[in-house]
Amino acid sequence: MQRRDFLKKAGLGAAAAAAATLVGAPKARAAKAEITWKMVTTWPPKLPYLQTGVERFAKRVEEMSGGRFKIRVYAAGELVPAMGAFEAVGNGTVEAGSGAAYYWAGKSQAAQWFAAVPFGLNPAGISSWLWGGNGLKLWEEVYAPFNLVPRPLGNTGVQMAGWFNRKIEKIEDFQGLKMRIPGLGGKVLAKAGVTVTLTPGGEIFTNLERGVIDATEWVGPLHDKLLGLHKVAKYYYYPGWHEPGTVLEAFFNKKAYEALPAEFKAIIDVACTETYTWMISGTDAENGAALLELIEKHKVQVLPLPGPVMDKLKVYSKEVLDEITAADPIAKKVHDDFSKFQKQIGTWATVADKACPRR
Ligand code: CA
């Protein structure tokens, strides 16, 4: 390279760097951050609602604090691996994290009740349990030994049962299938003869296309369409019996949270609750549009799981929950409260939601 060219290029580089500094520089009147936190998630970058919801939460905290409290968000793998978030926040490597509580079943079986329970509470029901019942209080109790403070951050709405290339007409049709399904739902399908895998979101499409797995569940019409699952599976079954109203979480290092000034704690709580509302409203609205597109444009066959299949899955679900709670007193305590609440709100829902559906 000629020296003149080199200088020219170096000059351009410097100009670009200066421009970048200007673009990234704080506005003249923005307050200097008093507290800066790192927040690690279990989600891939840009994943709508799940990852973008965490980014939105951080933005709201910054806005509400007038720039005095900043949270920098890292997607899975950017700072710690997806499944390392719980530990990284608990041991204080970073101050905050986000995921779904059923990912931490290996640490605490009871955690799963704060994400999704097969044939459990739907989005409205679980929100009522968390804020109107004992849910959040119990969740705090379950996470305290891990030095964590949990907060509900979102809800995906009712999920779908999943994508299959074989019709599910009787319970035996699950036999021998290799299916991606996490959490308690996976344990239930294992009882029906399914070989359960926990394929990460980013690998589901390829694994289904190549026949590494025969079936999968993911989230709902919006997220499933984005993965392109309709291109590699024929039948789209409902309802998401295994995830009837999955809660997404934020969790904070207990020491870091407790050291916050009262107004910043309040800002975190408000930003979490507001993001929860934004997420459930947004996914619900977009799932409606995506489902219509899957049916009308992509000609996907959307089928209900037959009643007798649902009945059998319900029996297996009870067995799974009984087995876990018999061996784990904390899970039993949470389950007993959850079940009592489900019965109570179920009676009310029979004369309210069910008698007056949304359509
Ligand atoms: Ca799911």
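The model is predicted. The chain is divided into domain 1 (3–158 + 244–286) and domain 2 (162–242 + 298–327). A calcium ion has protein donors from Gln159, Glu217, Trp218 and Glu243.

**Domains and core**

- The C-alpha centres of domain 1 and domain 2 are 28 Å apart.
- Between the two domains, 17 residues of domain 1 are in contact with 21 residues of domain 2.
- The largest nonpolar core contains 105 residues, and Trp129, Tyr143, Phe174 and Leu305 have the most contacts inside it.
- Helix H10 (residues 262–296) supplies the largest share of this core, with nine residues.
- Both domains take part in this core, since at least three of its residues come from each of domain 1 and domain 2.
- Leaving aside residues up to four places away in sequence, Leu305 touches Ala161, Ile168, Phe174, Tyr237, Tyr238, Pro239, Trp241, Met310 and Leu313.

- Along the sequence, the donor residues follow the spacing Q-x57-E-W-x24-E.
- Gln159 sits in the loop between strand E4 (148–155) and strand E5 (162–164), while Glu217 sits in the loop between strand E8 (215–216) and helix H8 (221–227), so this pair ties together parts that are 58 residues apart in sequence.
- Gln159 and Glu217 are both buried.

**Helix H2**

- Helix H2 (residues 50–64) has 15 residues, and the distance from its first C-alpha to its last is 21 Å, close to the 21 Å expected at 1.5 Å a residue.
- The buried residues in H2 are Leu50, Gln51, Gly53, Val54, Phe57, Ala58 and Val61.
- These residues lie on the same side of H2 because they cover an arc of only 165° around the axis.
- In an α-helix there are 3.6 residues a turn, so residues three or four places apart point the same way.
- After H2 comes Gly66, which has a positive phi near 60°.

**Ser98 in strand E3**

- Ser98 belongs to strand E3 (residues 96–99).
- Ser98 has a relative accessible area of 1%, under the 20% limit, and is therefore buried.
- Not counting residues up to four places away in sequence, Ser98 touches Met39, Val40, Thr41, Thr42, Trp43, Val54, Leu153, Glu249, Ala250 and Phe251.
- Of these contacts, Val54 is also one of the buried residues of H2.

**Backbone exceptions**

- Most residues other than glycine have a negative phi, and most peptide bonds are trans.
- The peptide bond from Tyr238 to Pro239 is cis, and its omega is near -5°.
- Pro239 is placed in the loop between strand E9 (235–238) and strand E10 (247–253), and both Tyr238 and Pro239 are among the residues that Leu305 touches.
- Phe119 is not a glycine, yet its phi is positive at about 55°; this residue lies in the loop between E3 and helix H4 (123–132).
- Lys299, also not a glycine, has a positive phi of about 55° and is located in the loop between H10 and strand E11 (301–304).
- With a relative accessible area of 63%, Lys299 is exposed.

Key
Residues numbered from 1 in each chain as written. Predicted model: local features only at pLDDT ≥ 70, side-chain atom pairs only at ≥ 80, totals over all residues. Heavy atoms only, no water. Helix = DSSP H or I, 4+ residues; strand = E, 2+ residues; numbered from the N terminus. Expected span 1.5 Å × (residues − 1). Buried < 20%, exposed > 50% of the residue type's maximum accessible area, 1.4 Å probe, protein only. Arc of directions from axis to C-beta. Donors = N, O, S within 2.8 Å, 3.2 Å for Na, K, Ca; no water. Core = buried A, V, L, I, M, F, W, Y, C linked by side-chain atoms within 4.5 Å. Domains from an automatic or database assignment. Contact = heavy atoms within 4.5 Å.
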